[in-house]
Amino acid sequence: MSKQKAVDNFERWAQLVQSIAETRGSNAKIELCANYLAQLSPSQLALACQYMGEGAFSNISGKRASIGSRTIGMAAADYCKIDYDIVFKACRTATGSSTETIQRLFENLTETRQKNILRHWDLAHISELAEKLAQTRARKDKQRILTRIWSGLSPLASKYFVRLLSQGSLRIGFESRSILQALAKIYEVDYEQLRYAHMLTGSIAKTAELVSTHSLDQAQFKLFNPIAFMLAAPIQSRSVKDWDTFIAEEKFDGMRCQLHAYGSKVELFSRDLNVVSNQFPELVDSFAIKDLPPVVLDGEICVFRESIIQPFQDLQKRMGVKKPTQALLSKYPVVFIGYDVLFLERESTVKQPLTQRRISIEKLSKTYKFPISSQHAVSSKKQVEQLFEQALAHGNEGLMLKQKNAPYSFGERKNHWLKVKQPSGSIDTVILYAQAGSGKRGGSYSDFTLGVSVKNDARYEEEFIPIGKAYGGYTDQEWKQLNKAIKGCIINRFGPTAQLHPEIVVELEFEAIQPNPRTKAKYTLRFPRFKAIRWDLSPSDVDSLEHVEMLFEEHQSKKRNPQKSSHSFLKPE
DNA sequence: TTTGTCTGCCC
DNA sequence: ATTCTGC
DNA sequence: GCAGAATGGGCAGACAAA
């Protein structure tokens, strides 16, 4: 009995998390969390925070459970002795959540209740169990271990154990920011100071440990430990009046990269702070021979061949390849284009204004001969438009506008950096299928398969064929209207998917049209989203596949300008 | 061995 | 990545 | 003004099935 009441019990943690999930308002959530955390010893506190904010594994551990929703769902169905496709999926469609489904099935089926013997594991043991899952390779073995774990946990704790297996948030409206606020409250420290420590350590667990032992000052920037990237918000062009407080750079369609270097040691990190050095050995080698002082650069990796920046799809062929062959390296040669410096010699430069950081990176670029972005002073909207066109002509996505006097706001998306893009286009499509969503969208149709017309197309027998899926760009009100309209045109159901009579016309916006031989249409859209529901149009107004092909050809025929008379980036010789 | 499915991680 | 919503 | 939630396409790699 006493064991059951122990504060370090995972069951107790799960109950706390559940009550946070059910509580409205972030201050009330923080209060609940703080009261709970205050009872824990430093090591338990660290784990409790880590589970709430980062999952079963600390962000800096690099570990993954590598178990996806399908494997888990199948295991749950097996454990409950129900059919995965018919019962589990239907239940998930109704609740909008796999883990919610797991909790309810486990609560309500006698079958599972009989197998269930509460083991009252403590927080540390949960880590060991997750570790075991991570170390197991085969999906079948993972499933076996998972069901054994479930048999020792309550249905509620089982739900949250599964959520711990995916990285990041528990989806209870309570993320690392709130956890830090709870910690700030308990230990009466400044929230900004905690956030800074969190950035430096890269881990909630470590930050909690430091604050609870009153040693926050031990959080120090360490070279080769990445820090969170500064992010950009889309521009609301009318809101910008004081153009001259910004500078402009072209927005590269590549891969964000943080480069740490000191002497012959070089490490590259992706946007999610994963190590990607192995994927780009030629970059590592080229920086290693420069013998740089201790430095951290922010920049972009792009494929660059014959003086032309190549499309993102080319880069994708390199991104996931951990041991690239020489042939691959020469087929898709890459550059690192620097545009910011976060650390130099002995000190962090993130608090300096951009102009000052720019002076540093220009000097570094000149001395050590590496490419940096071209920067332009701007003074008017018209000039921004000109630069925008030039960026597109170079094959880039658009522009970045950066406030000259802004610091490097690591891990935040503020209006200090604005991205200027322009949707590539839009087409009128018709809804062919609808699927229920998850979370707050559970139980209603929220994800739509959209089609273009092939009525007069000799290559196809159908009237419409799918061109893409979209789930956003509509408001909650439009979502309700859509669901009402859909009820009247369902002609078939395949599990959670409803096939609709083609009636509802949607103007679909996208960033690009990509050829894809694996789909029926042979083309797909990049970043498709609703632009408008066209209640005023009928299926006969829907654009044809030929129209899509024409748009693609039109775009394809535009040549990417080589980096000759004008430059997206500067490379000192 | 070959082909298909699932997963993670880029955008 | 994108978008909308809630705080 | 910002964080959070819910979702898109495409690629390589790991494992499963044929």
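Ala 261 stands opposite Val 295 in strand E5. Ala 261 also stands opposite Val 266 in strand E4. The model is a predicted one.

## Strand E3 and its partners

Strand E3 covers residues 255–263. Eight of its nine residues are buried, so E3 is largely enclosed by the rest of the structure. E3 pairs with strand E5, residues 292–305. Eight bridges join E3 and E5, and the two run antiparallel. Strand E4, residues 265–269, is also a partner of E3. Five bridges link E3 and E4, again in the antiparallel sense. E3 and E4 form a hairpin, with one residue between them.

Strands of a sheet pair through backbone hydrogen bonds, and the pairing can be parallel or antiparallel.

A second hairpin is made by E16 and E17, with two residues between them. Gly 495 sits in that turn and has a positive phi of about 60 degrees. Strand E16 spans residues 490–494, and strand E17 spans residues 497–500. Four bridges pair E16 and E17, in the antiparallel sense. Within this pair, Asn 492 faces Gln 499.

## A sheet of five strands

Now to an open sheet. Its five strands have the order E1-E12-E11-E2-E10, and the pairing is mixed. Which strands stand at the edges? They are E1 (231–234) and E10 (376–377). Each has a single partner strand, so one side of each is left without a neighbour in the sheet.

Helix H19, residues 381–393, packs on this sheet. H19 touches E2, E10, E11 and E12. The direction of H19 makes about 135 degrees with that of E11.

Strand E2 (residues 246–251) and E11 run antiparallel, joined by six bridges. One pair of bridge partners is Lys 251 and Gly 398, the latter in E11.

## Two residues of the sheet

Lys 402 is found in strand E11, which covers residues 398–403. Is Lys 402 buried or exposed? Its relative accessible area is 1%, and buried means under 20%, so Lys 402 is buried. The side chain of Lys 402 makes a polar contact of 2.8 Å with the side chain of Glu 249. Leaving aside neighbours within four places in sequence, Lys 402 is in contact with residues including Phe 246, Tyr 339, Leu 354, His 416 and Trp 417.

His 416 has its place in strand E12. Its side chain makes a polar contact of 3.4 Å with that of Ser 409. Not counting residues up to four places away in sequence, His 416 touches Lys 402, Met 230, Phe 246 and Leu 401, among others.

## DNA strand D

How many residues surround DNA strand D? There are 35, and the closest are Arg 137, Glu 175, Gly 437, Tyr 471 and Thr 524. Sugar and phosphate make up 85% of the atoms of DNA strand D that come within 4 Å of the protein. The residues of this surface divide into six nonpolar, 13 polar and 16 charged.

Several elements each supply at least two residues of the surface near DNA strand D. Among them are helix H10 (139–151), helix H16 (312–319) and strand E12 (413–420). Strands E14 (445–453) and E20 (523–526) are on that list too.

## DNA strand C

The residues around DNA strand C include Ser 26, Arg 271, Gly 473, Thr 475, Phe 527 and Arg 529. Tyr 471 is also around DNA strand C, and this residue is among the closest to DNA strand D. Sugar and phosphate account for 92% of the atoms of DNA strand C that come within 4 Å of the protein. The surface here has three nonpolar, three polar and five charged residues.

## Phosphate contacts

| Residue | Protein atom | DNA strand | Distance |
|---|---|---|---|
| Arg 139 | polar backbone atom | D | 3.0 Å |
| Asn 415 | polar backbone atom | D | 3.5 Å |
| Asn 516 | side-chain N or O atom | D | 2.8 Å |
| Lys 419 | polar side-chain atom | C | 2.9 Å |
| Lys 421 | side-chain N or O atom | C | 2.8 Å |
| Asp 476 | polar backbone atom | C | 2.9 Å |

Terms used
Residues numbered from 1 in each chain as written. Chains lettered and ligands numbered in written order. Predicted model: local features only at pLDDT ≥ 70, side-chain atom pairs only at ≥ 80, totals over all residues. Heavy atoms only, no water. Near = heavy atom within 4 Å. Polar contact = N/O pair within 3.5 Å; in protein donor to acceptor, adjacent residues only side chain to side chain. Nonpolar A, V, L, I, M, F, W, Y, C, P; charged D, E, K, R; others polar. Buried < 20%, exposed > 50% of the residue type's maximum accessible area, 1.4 Å probe, protein only. Contact = heavy atoms within 4.5 Å. Pairing = 2+ DSSP bridges. Axes fitted to C-alpha atoms, helices over the stretch in contact; angles between N-to-C directions.
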